[in-house]
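Hi,

Here is the structure I promised to pass on. Have a look, and then read on for my notes.

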Amino acid sequence: MKRTKVFLSFVMILCFGMTAVAALFAGDLKISFKSVPKIDDSFEFLQLRTKLQESRKPAEKNNVHFAIAEYYLKVNDLHDAQAALAQHINSEVVDITTLLANVYLYKIANYRHDQAQVDRLKKEIFDNKFVLLFEKFKQINYTSLLGNTYEVRHFVDRIEVFLNGDVLETFGS
Amino acid sequence: MFLKRSVLKDFFRFFLPLLLCFVSVYSLSRLSTVCSIKAADLISHIAGPNISLKRVFFSPIHGLRFEEVRVRDALGFDFSVGTVFLKYSVRELWSGRLMVKNIVMEDVKVHHWGDTRQFSLNDILGTDTKRLDKMWGGLDIIFTETAVCFKKVRLNLAQHIAQSPIQDITVDFCLDVYGGKLSCRGTAREVKAHGLSKPGYFAFHLDPVGKDLLVDMSLEYEVYRLDGSGMINDCSGRTALDIRFHSEPIPLSYYAWLKAVPTKEGQVSLWGHLTGVPNDLNLQAELMIPSTAIALEQDTLELDHVAVLLSYRLKDNVIDIEHIMANVDDHFAVSISGKIEEILSPILDLHCQIQPIGQDAKGYSWAVDFKGQSFADGFQGEVKFIWPGAESRQYLCFLKELMVHKRKSKMNQNGLSVSAQKIELVEQMMQANQEQILQKIFLDGLSLETTFLGKKIWVDQLILQGYGGRVSAKGDLYFNRKEREYNLNIRLDQLDLKNIKVFYPVYCEINGNVSGQVTASHHKGGQVKGVLTAEQFQLVHFNPLDKIAEFLGLNAIKEINNAQIVVDFDLSPQESIIEQFDFDSESLAMRSNFNVNQKRWLEGFVALSMPRAKLTESKIFKRLLSIAREREEKLDFLVRVSGYADSLRTELIESTLRDTLKERLSVRIQKYIEERINKAMESQGN
């Protein structure tokens, strides 16, 4: 009887510990994405799905795809977010959202300690050749359908990504 | 009086009569022995021309003894026997039967093997022994409980069987008839074989079971002993052997042949499996040495988990090496496979793979392939080295028409002298198990003189001839257990290079007459350092320069001709530093330095000096020069290059032209120019 009690206590402590650790880690990533603005609209996802069906131009569709990925990130659904982002970067249109999708994928891989993916994505992010002649950096701005404003600064040796004015990620050598 | 009277009394009463009885029986047997040469002639005459004997001894107690018997059969089998003893049961004679108890043949010599060696084992064993029983002169001859023994049967197999690994053999064996079955036991003494300095000993026991034979055997050579058992299947038809044997763990210090390689400790266990038909036997042997250490002068070579799996095909005289595996010094796993033909003068076809383990494990391996003939003091043939490079690349080096000889240095140290007439270097890219050849380099000859002491190797002289010049090297290598060190000074003399591609650390293609000094060393992390100078040098597709050319919009500087070049570098797996990469040509003068890390991230500064006339070849620059009203004959730029080696970014750090333009152009136009240059760069890059 005593043994059973000890065993049950041990199982409870273990379960509680695992839950706490899982919650802690989940919180970590959520904190990193906290700057995604909360839009108080319960039908946001449905609206995006509708918009996707209505979109005819590839560039428009591209923006909707990225917004859907952003939505998954906002609700901390990393699995669907990763799938949506991977699908997004495989689309024909290559623009600023492709780079941003790679940035988010990089953050997910970093969170999962997938070093091979981290290295590969970092190389993808830096696969952007340019020349700085007069300025110290090249700047690109983008506002997503969910209202998030992104600012990407390409320096010769690093890239700085801002989300709604806060540093989202900095990449360097 | 030392003996008591009662003792003497007992002696006379019991022992003396017994002694008298023995003496009388012995005397009777000696006296009753009849020797007859006439009887021998008579028996020879009756037996026919195939059997002859010189003397016959008859004793009612000892039986019959024939001396100097010679037998020849129609197929050419010719043997002689010194003495044949035939013992029979005297009691059975009264019943009119000659029951043979023992037949002993001593000093049997086979003079000619003839064709009868292709006999079935059924001729000797596994037969119904009643078939042996005969009638002779009204007398039943019975072999029901007979032992037929052959002593000192001498066979010179080398004389009779071509390519026999066994030369001489002396066999003693007995055929026992008991309970209607015939069994055989015996020993083979003084087994002299190729490669064995001392004769060996072999004991066996054969017992028939139906058509099969159960075999027990024991093989002894010096201090080694192998015990085995198994079966010879279907003796009457297609005979096949299936015998397994093993040895007890033997201390390696027992092995006399290892004296040349003094083994400090360790023991070996051996398992074997003999299979096949008598004319095509296959011996598979497995050898295990859990741990051993070999003394090499002042060093020790430690071998762990040594496993050897070989199979020897007697008919073809070929050893197939399934694997020879060992962990060396806890740093490398060495594996050898292949085959050895013609054991006396071995023809080798071996593949050796070396993989770092433990702390050194990096997931790649080196390989060496040997093909050729080994002789007393060397090797002749060809060797292929394969070693891995960065980013899924590997290098192959073929040494053809290779000769390796042992040599002694002036200080009487052991060494090797290596020469090769043809050398081929191949750089390959491995992608999804597909090999893509990137480039091939052919050299004319190699000459290498080395000496070694323990694990230290001195490269006394290495000369590689090719491209109208030569590469020479001197240095030493030390494969210490704790650390592996090497230090090589390489000198390049007047190498007239043609279309050589350099893939690491930065891609480029070079042509020109190169000389210089390179030091390759490894001490706590490998590095290659050197200074190279070149005359009449052509540099093409140099990635950082290509980026600058794209930046300037000048294709002309993508190819640098007739340049003088100086390179000072320090390469290591962690970081490659090109401290100086300078060249001067008519179209461009460049001073630069770079470093590339493990992930191929490049950081560098490039100072360019270009004639104004050259810059005007670019439409954009022509316009910009006119806007800036630039009149200088030479324009200088300092550019920073950064990024992954295949997607570099460039920033103009210093330029008087840029500064003037900044003053004269609005920000909007500056941005427009930059955009145009980037678009031009993208289109050129694509």
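Below is what turned up, starting with the interface and moving on to chain B.

First, the ground rules. This is a predicted model, where local features need pLDDT of at least 70, side-chain atom pairs count only at pLDDT 80 or more, and totals for chains, interfaces and linings use all residues. Residues are numbered from 1 along each chain as its sequence is written, chains are lettered from A and ligands numbered from 1 in the order in which they are written, and side-chain values use heavy atoms, with hydrogens and water left out.

**Where A meets B**

Chain A brings 23 residues to the contact and chain B brings 25 (contact means heavy atoms within 4.5 Å). About 2,500 Å² is buried between them, with carbon and sulfur atoms giving 55%; buried area here is the accessible area (1.4 Å probe) that two parts lose on being put together, summed over both. On the chain A side, A:L133, A:F134 and A:V156 supply 34% of what that chain buries against chain B, more than any other three residues.

There are three salt bridges between the chains (a side-chain nitrogen of Lys or Arg within 4 Å of a carboxyl oxygen of Asp or Glu). One of them pairs A:D157 with B:R640, at 2.9 Å from N to O.

Which elements of chain A give two or more residues to the side that touches chain B? They are α6 (115-125) and β1 (131-132), and α6(A) gives the most, with five residues. Helices (H or I, at least four residues) and strands (E, at least two) are DSSP runs, numbered from the N terminus.

Strands pair if DSSP finds at least two bridges between them.

**Within chain B**

A search of the whole structure gives one disulfide over all chains (cysteine sulfur atoms within 2.5 Å). This link joins B:C149 to B:C174, S to S 2.1 Å, and is right-handed, with 110 degrees about the S-S bond. B:C149 sits in β9 (residues 147-156) and B:C174 in β10 (residues 166-178), 25 residues apart.

Further along, β13 (residues 212-221) and β14 (residues 224-233) of chain B are antiparallel, with nine bridges. These two strands form a hairpin with two residues between them, and B:E222 in the turn has a positive phi of about 50 degrees. On its other pairing, β14(B) runs antiparallel to β15 (residues 240-247) of chain B, through eight bridges.

Cheers
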